[in-house]
Amino acid sequence: MTREADLLRDTVWAVSVWIVLGAPAVRALLEASMMLHMLVQLPLLAGAGYYAGAAWRRSRPGSAAARLLSAVQSFNAGGATGILAASFVMVLWMLPRCLDLARLDPAVDAIKFVSVPLAGLAVALSWPRLPAVLRGVVHLEVIATLLRFGWGYLAAEERLCLAYLAGDQQRTGEWLLWLAAAYAIAAAWRPMFGPWPPLRRARAGAPADSAQSAKAHNDGAPGRAHPAQVIEMPGPNTREADGMTIARERV
Amino acid sequence: MAAALACAAGLVAAHAATDGFRAYTLESARRLQALRAAASLPDLALELADGGRARLSALPGRVLLVDFIYTRCETYCTALGSVYAQLQQRLGEAIAAGEVQLVSVTFDRERDGAAELRAYRARHGAQRPGWALGRPESPADVQRWLNAFGVVVIPDKLGGYAHNAAIHVVGPDRKLAAIVDVADLDGAEAAARAILARGKR
């Protein structure tokens, strides 16, 4: 498959997920429960944006998409702008008041349907540029945020969301805590044990993908580098890889 | 530079979304809103349990204490019922003077007819004077009542409903002047008396 077709396919995928999530029946189903709203719909929306952003990042140098990307990225030194904006968006939508409004007011929900995918997109564009130390900070902050919200929802004695029942709220809190634990393990896994074994096998069995994986490595895409390289590559090198990304985008 | 802007924009958005970091839930937001600037209410009508119909503007009493109920409710509506019975006693003299009226609005239009509503009042040992009960005139009207006061009703999956129960204090201008917690008898009484005192000056 040509690179353009590849990117087109990824973009179509992301947009399809977005459209399906926005379909009235799916929206009603996922927003009927706080748990599905917060732990399924929001991540899928952000994921669709991330997927589109990852495709955009791989656009052919010199193409209009790549030129637009480098224009956007010129405001995103070190990925800080994107990560900060995405953090605000995601935290705000996890507040009980915003969840309620999204459930009760279609106009507010429309804002959510635009802003959350954009947050995912911003993460996709910013993560590779983010210095390794700051990535660690972001990971910690994600874990802390999930724990804070999880504990808050679990321990609240009254209903915090008017549109959701107390039991639903408690279950959401509980799952947020589990998610925080899972995220912590996932984030700590690679530095400690190297790539997830099935991923490693898949990589070894697919040499045709090596060019792309090497490129992904340069991009600093998470989950791609061998642990030894991670150890040899502290902060400054990541910045260098980042420089290469920028150089390629500007071709 | 752009990062600082993103941070500033994020803080502005967060400030706006939480009323200056003071209301993180919709319930606290609507209570804060009522205290800041009393919101006008549409002049909605009720079919009264004691017969007849009345619009909000035509209900007797300079101050109305409005709550939303359904009579089958066995949790906090029961609390609301007994709170109203107690308020009826505490505010007895203002009620006798026609200055305060307690109003219970059912949102379970299908099941709560006049008889059920009167039985609900009787169950709490309360008398008729000063406590009007009623139901909106149509299902769409129920929604209008709930929207006007910012009440959200959801099925509780046990055949009943969950809702943000509270006492809504409505002034002589028929604006929503305060929203007081169900358990806060003193607060409800104080809010009613404050409005009455303001009128006398």
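**Exercise 1. Helix α5 of chain A and helix α1 of chain B**

Task: In this predicted model, determine how the axes of α5(A) and α1(B) run relative to each other, and which residues of the two helices meet.

Solution. 
Step 1. Take the axes of helix α5 (residues 80-94) of chain A and of α1(B): they come within 8 Å and cross at roughly 10°.
Step 2. Angles under 35 degrees count as roughly parallel. The crossing therefore makes α5(A) roughly parallel to α1(B).
Step 3. List the residues in contact. On the α5(A) side they are Ala80(A), Thr81(A), Leu84(A), Ala85(A), Phe88(A) and Leu92(A). On the α1(B) side they are Ala2(B), Ala3(B), Ala6(B), Cys7(B), Gly10(B), Ala13(B), Ala14(B) and Ala17(B).
Step 4. Sort the residues of this contact by class: twelve are nonpolar, two are polar and none is charged.

**Exercise 2. Helices α8 and α9 of chain A**

Task: Describe the packing of α8(A) against α9(A) by angle, direction and handedness.

Solution. 
Step 1. The axes of α8 (residues 132-155) and α9 (residues 166-193) of chain A come within 7 Å and cross at roughly 160°.
Step 2. Angles over 145 degrees count as roughly antiparallel. The two helices α8(A) and α9(A) are therefore roughly antiparallel to each other.
Step 3. Their crossing is left-handed.
Step 4. Among the residues of α8(A) in this contact are His139(A), Val142(A), Leu146(A), Phe149(A) and Trp151(A). On the α9(A) side, the contact residues include Gln169(A), Glu174(A), Leu177(A), Tyr183(A) and Ala187(A).
Step 5. By class, the contact of α8(A) with α9(A) has 15 nonpolar, seven polar and one charged residues.

**Exercise 3. The sheet of chain B**

Task: Work out the strand order of the sheet, its edges, and the sense in which selected strands pair.

Solution. 
Step 1. Write down the order: the sheet is open, has eight strands and runs β1-β10-β9-β4-β5-β6-β2-β3 (chain B), with mixed pairing.
Step 2. Identify the edges. β1 (39-40) and β3 (53-55) of chain B each have a single partner strand, so one side of each is left without a neighbour in the sheet.
Step 3. Place the helix: α2(B) packs on the sheet and touches β1 and β10 (175-180) of chain B, its direction making about 130° with that of β10(B).
Step 4. Check a parallel pair. β5 (residues 100-106) and β6 (residues 131-135) of chain B pair in the parallel sense over four bridges, and Trp131(B) in β6(B) is the bridge partner of Leu102(B).
Step 5. Check the antiparallel pairs. β2(B) pairs with β6(B) in the antiparallel sense over two bridges, with Gly134(B) in β6(B) as the bridge partner of Leu48(B). β2 (residues 45-48) of chain B also pairs with β3(B) in the antiparallel sense, over three bridges, and Ala54(B) in β3(B) is the bridge partner of Leu46(B).
Step 6. Inspect the hairpin of β2(B) and β3(B): four residues lie between the strands, and Gly51(B) takes a positive phi near 100°.

**Exercise 4. The domains of chain B**

Task: State the domain bounds of chain B and describe the contact of its domains.

Solution. 
Step 1. The domain assignment gives domain 1 (1-36) and domain 2 (38-200).
Step 2. The centres of these domains of chain B, taken over C-alpha atoms, are separated by 31 Å.
Step 3. Six residues of domain 1 of chain B are in contact with eight residues of domain 2 of chain B.
Step 4. By class, the side of domain 1 that touches domain 2 in chain B has two nonpolar, one polar and three charged residues.

Technical notes
Residues are numbered from 1 along each chain as its sequence is written. Chains are lettered from A and ligands numbered from 1 in the order in which they are written. This is a predicted model: local features need pLDDT of at least 70, side-chain atom pairs count only at pLDDT 80 or more; totals for chains, interfaces and linings use all residues. Axes are lines fitted to C-alpha atoms, for helices over the stretch in contact, and angles run from 0 to 180 degrees between N-to-C directions. Angles under 35 degrees count as roughly parallel, over 145 as roughly antiparallel, 65 to 115 as roughly perpendicular and the rest as oblique. A crossing is left-handed if the near helix is turned anticlockwise from the far one by less than a right angle, and right-handed if clockwise. Two residues are in contact if their C-beta atoms, placed from the backbone, lie within 7 Å. Ala, Val, Leu, Ile, Met, Phe, Trp, Tyr, Cys and Pro count as nonpolar, Asp, Glu, Lys and Arg as charged, and the others, Gly among them, as polar. Domain bounds come from an automatic or database domain assignment. Two strands pair if DSSP finds at least two bridges between them.
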